[in-house]
Structures are given as C-alpha cells and as structure tokens.
Amino acid sequence: MTSTFPTISISTERLVLRPLDEDDVPALAEMMNDEQIAAWTAVPQPFTESDARTWITEYAPAERTAGRGLDLAVTEFLTQRLVGVIQLGKTNWHVRSTELSYIVASWARGEGYASEAALATAQWLFTDQKIERIELRTAADNTASQQVAQKIGCISEGVLRNACIARARAEDGTWTEVRTDFIVWSLLPEDLEGAGEQLAESGGFTSYTDWN
C-alpha cells in the first residue's frame, strides 16, 4: 500500500500553509511569471492561469495520491494573501525521505517567509510524518535559496556537477537554458532541536479535512 501525505494546515506566527485551491489560480499565475522564478525553476514561461489551474486541480492531487509529494500554498495569516508555495517531492516512504523546495512571490521577498514556511514544514515532517531526511537542491548561483537552507539548519553535503538546468535572458529577450551545478543540502531531525517549541508557540499544525 502506498503511503501518502495527509491533508494538512500548518500555522506559524505569520503564515498559514494549506492545500492549494482554485481561488489561488490568479495569484499563482502572477507569482510564477516572476523573472527569478523563471530563472531557477522549470515552470513554463509564460505561466498562464490555465497552467495554474492544471497544477492545482491535476498535478498536485496526483502527486499526493501517488505518495510522491505534497504542494502547499503559503499565505499570510492576516491578509490570506498567497506569498509562496512549498513543495515536497521524490518522497521515499521506505527510506523516510523527501525533497523540499520553496517559491516566494517577488513582493514578499526579504521578509523571511521562505525560511519560516520551510522550517514549519520540516518540523511537521519530522514529528508527525516520522520523516528521517529532508533534502534540498539549490542552483549554484541561487544565493537566496542557499541562504534559506542555511537559516533552517541544513547541512551542505556536496555538489552535483552540471546537474541543473537554469534559464537566462538572451539578447533578443527570450529565455535560454544554462547548465550549472546543484548544491545538495540535508536536514535531519536532530538538526532541528529546539525548533519544536517555536512551532508550538506559533500555533502548530492541524488537519485540513475539506481538501480532495
């Protein structure tokens, strides 16, 4: 029997992480057309509302049902505005490992949202899902993503040479693919000692029952 992630809502001091829903389509489409997201992810460009709807209604549910991963909307607690996405993928339930990635909208950068959301997700994975290893991969030149990994306590394990395809603007304004390295990071339960108290004080996590 395939293990799967449950439906979940995770609360922090400033954020609520919850399943993506169709109301997120416009904000998700706008967010994913940002230059930095286009450069460091494999999302299609331009990213349309149709792409966003397919992600929310088809891709994300399929990943969860198959046990491969989980996609969570990251929203501001006070405004409920979509500030980013947390993704879990390549989950191995026998090894108890998963790969974590994060995307933050351009207007929300510099506020520490990525590290706050990633830390809360990691704590939930270790305590509730009994995951034993979280892996992150950051492009060699994506210093912002590397800073998030460092902030949440990840350990750099090495470099996968020429393993990443990034994108850059060509002279004619189109996107061109650029090959670069991946830096591999890991996070283990013992790396988060003390983080549980922080999460508990900020609201912890609760089940989210009305997501199909």
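User: What is the accessible surface of the protein chain, and what percentage of it belongs to carbon and sulfur atoms?

Analyst: This is a predicted model, in which local features need pLDDT of at least 70 and side-chain atom pairs count only at pLDDT 80 or more, while totals for chains, interfaces and linings use all residues. Residues are numbered from 1 along each chain as its sequence is written, and side-chain values use heavy atoms, with hydrogens and water left out. Accessible areas come from the Shrake-Rupley method with a 1.4 Å probe, and for residues only the protein chains shown count as cover. Here the accessible surface of the protein chain is about 10900 Å², and 47% of that belongs to carbon and sulfur atoms.

User: How many helices and strands does the protein chain have?

Analyst: Helices (H or I, at least four residues) and strands (E, at least two) are DSSP runs numbered from the N terminus. The protein chain has 6 helices and 9 strands. Its radius of gyration is 17 Å, close to the 17 Å given by the globule rule for 212 residues, so the chain is as compact as a globular protein of that length. That radius is taken over C-alpha atoms, and the rule is 2.2 Å times the number of residues to the power 0.38. Along the principal axes, the C-alpha atoms fill a box of roughly 50 × 40 × 40 Å.

User: What percentage of the residues in the protein chain is buried, and what percentage of the contacts joins residues at least 24 apart?

Analyst: A residue is buried under 20% relative accessible area, exposed over 50%, and partly exposed in between (1.4 Å probe, protein chains only). Of the 212 residues in the protein chain, 49% are buried. Contact means heavy atoms within 4.5 Å. Among contacts between residues at least 6 apart in sequence, 66% join residues at least 24 apart.

User: Which residues have the most contacts inside the largest nonpolar core?

Analyst: A nonpolar core is a set of buried Ala, Val, Leu, Ile, Met, Phe, Trp, Tyr and Cys residues joined through side-chain atoms within 4.5 Å. The largest one has 36 residues, and those with the most contacts inside it are Leu17, Ile86, Tyr102, Trp124, Ile134, Leu136 and Leu187. Helix H4 (residues 113-127) supplies the largest share of this core, 9 residues. A second, separate core of 18 residues includes Val25, Ala29, Met32 and Ala73.

User: Which residues does Ile134 touch?

Analyst: Residues up to four places away in sequence are not counted. Ile134 then touches Thr98, Leu100, Ala122, Leu125, Phe126, Trp185, Ser186 and Leu187.

User: Where is Glu132, and which residues is it in contact with?

Analyst: Glu132 is in the loop between H4 and S6, and at 45% relative accessibility it counts as partly exposed. Leaving aside neighbours within four places in sequence, Glu132 is in contact with Val95, Arg96, Phe126, Leu187, Leu188 and Pro189. The C-alpha atoms of Glu132 and Ser97 are separated by 5.9 Å, although these residues are 35 apart along the chain.

User: Where does a positive phi occur in a residue that is not a glycine?

Analyst: Lys90 has a positive phi of about 50° and lies in strand S4 (residues 82-92). With a relative accessible area of 61%, Lys90 is exposed. Lys130 has a positive phi of about 60°, and its place is in the loop between H4 and strand S6 (133-139).

User: Which residues does a cis peptide bond join?

Analyst: The bond joins Gln45 and Pro46, with omega about -5°. Pro46 is in the loop between helix H2 (35-40) and helix H3 (49-65). Asn33 itself lies in the loop between helix H1 (25-32) and H2 and is partly exposed, with a relative accessible area of 31%.

User: Where is Pro6 found, and which residues is it in contact with?

Analyst: Pro6 is found in the segment before strand S1 (8-11) and is partly exposed, at a relative accessible area of 29%. Leaving aside neighbours within four places in sequence, Pro6 is in contact with Arg64, Leu70, Trp124 and Gln129. Pro6 and Arg64 are 58 residues apart along the chain, and their C-alpha atoms are separated by 8.3 Å.
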